Amino acid sequence: DWQACADHGVLGSMVAGEFGGRDRSLASTLLTLEGLGHGCTDNGLTFAVASQILSTQLVLERFGTDAQQRRWLPGLVDGSLIGAFAMTELESGSDAFSLTATAEERPDGGYRLNGHKAYITFGPVCDLCVVFASTRPGAGAWGVSAFFVPTDLPGVHRGDVRSKMGMRTTPFGDLELADVDLPPESLIGRPGAGASIFSSIIDVERSFIFAPQVGAMQRQLEATIEFARTREQGGHPIARYQAVAHRIAAMKERHEAARLFLYRAALAEARGDRLTMAASLAKIVACDAGIASSMDAAVVNGARGYLPEFEVERQLRDAMGGLVYSGSTDVLRNVVARLLGVG
């Protein structure tokens, strides 16, 4: 569970030792997340772990002041606190910077925050939320600022857990912010730096959020092979039939492709290269591979693949979320096209 991941140091993988972490590289952390996805059958848990590491904690590590880091990182690492990352609003999904949430500067240098954030991982249960809001309405991306918002402040309302198709063990919902008074030290970086902070974090998240799913795809492949070897029809294991064997071979192809694109993004990050292309491709390939291989696993398993009690269909439901979180795959194909000079 969540606390077990904290106790084994997974949540603190990239965090400095002075805050209770293990001070490992991003590349090492993605291998940890991949291994967690392989060994843990709860895809919602592994996604949630990756989400906190690659968003809330990464914002603190990259952009937080020493005081902000000391206040929040130890609790996030030891599992006593949960962090969320709130950019999305009901009308600003793929158009990320068309925010209606506002943060009005007060005479004392603090801010008054108002807005509604939607579809937030950990929204209903988080203790700390990174909130993006406009400090200069009408200025678009240039007017967006970022804030650390404790959810126990007056005016912060955490919505109910929303039901969803897959990854049901990840709490997911809305945040209502009504006249929330923030002290000056809640600001992350400078006023108007929210867009650059978001872009820096989202490229990393897109690159590596699928690390647990790549591990889960390996687990799925191993289970499908085992079933095909032991399930007999017509006097033979179904693995001997070409139709089944070809589906399993395709699952292997997709798993290796997803892993290679994941590692390619890690290499780009280690070199200090711009991540946007590698991140977009890693997410697109891993998402499509996860859905297609989950469908093949369901077909190979026959009736078992359709029944919840065997949890084969769960992998497909979980994989479908990748089409929309961290940027929809359709939008990311537009990003790739734009970087290629077309579209």
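User: Is Asp174 buried or exposed?

Analyst: Happy to start there, with a predicted model in which local features need pLDDT of at least 70 and side-chain atom pairs count only at pLDDT 80 or more, while totals for chains, interfaces and linings use all residues. Residues are numbered from 1 along each chain as its sequence is written, and side-chain values use heavy atoms, leaving out hydrogens and water. Relative accessible area (1.4 Å probe, protein chains only) under 20% means buried, over 50% exposed, and in between partly exposed. Asp174 has 15% relative accessibility, so this residue counts as buried.

User: Which side chain does Asp174 join through a polar contact of 3.0 Å?

Analyst: Asp174 is found in strand 7 (residues 172-182); strands (E, at least two residues) and helices (H or I, at least four) are DSSP runs numbered from the N terminus. A polar contact is a pair of N or O atoms within 3.5 Å; within protein, one must be able to donate a hydrogen and the other to accept it, and residues adjacent in sequence count only if both atoms are side-chain atoms. The partner at 3.0 Å is His116.

User: Which residue in strand 4 stands opposite Phe85?

Analyst: Good one! Phe85 points the same way as Gly83 from strand 1 (residues 83-86), with Ala84 and Ala86 pointing the other way. Strand 1 pairs with strand 4 (residues 128-134) in the parallel sense over four bridges, where pairing takes at least two DSSP bridges. Opposite Phe85 stands Val130.

User: Where is Phe310 placed?

Analyst: Phe310 counts as partly exposed because its relative accessibility is 35%. Its place is the loop between helix 9 (276-300) and helix 10 (312-320).
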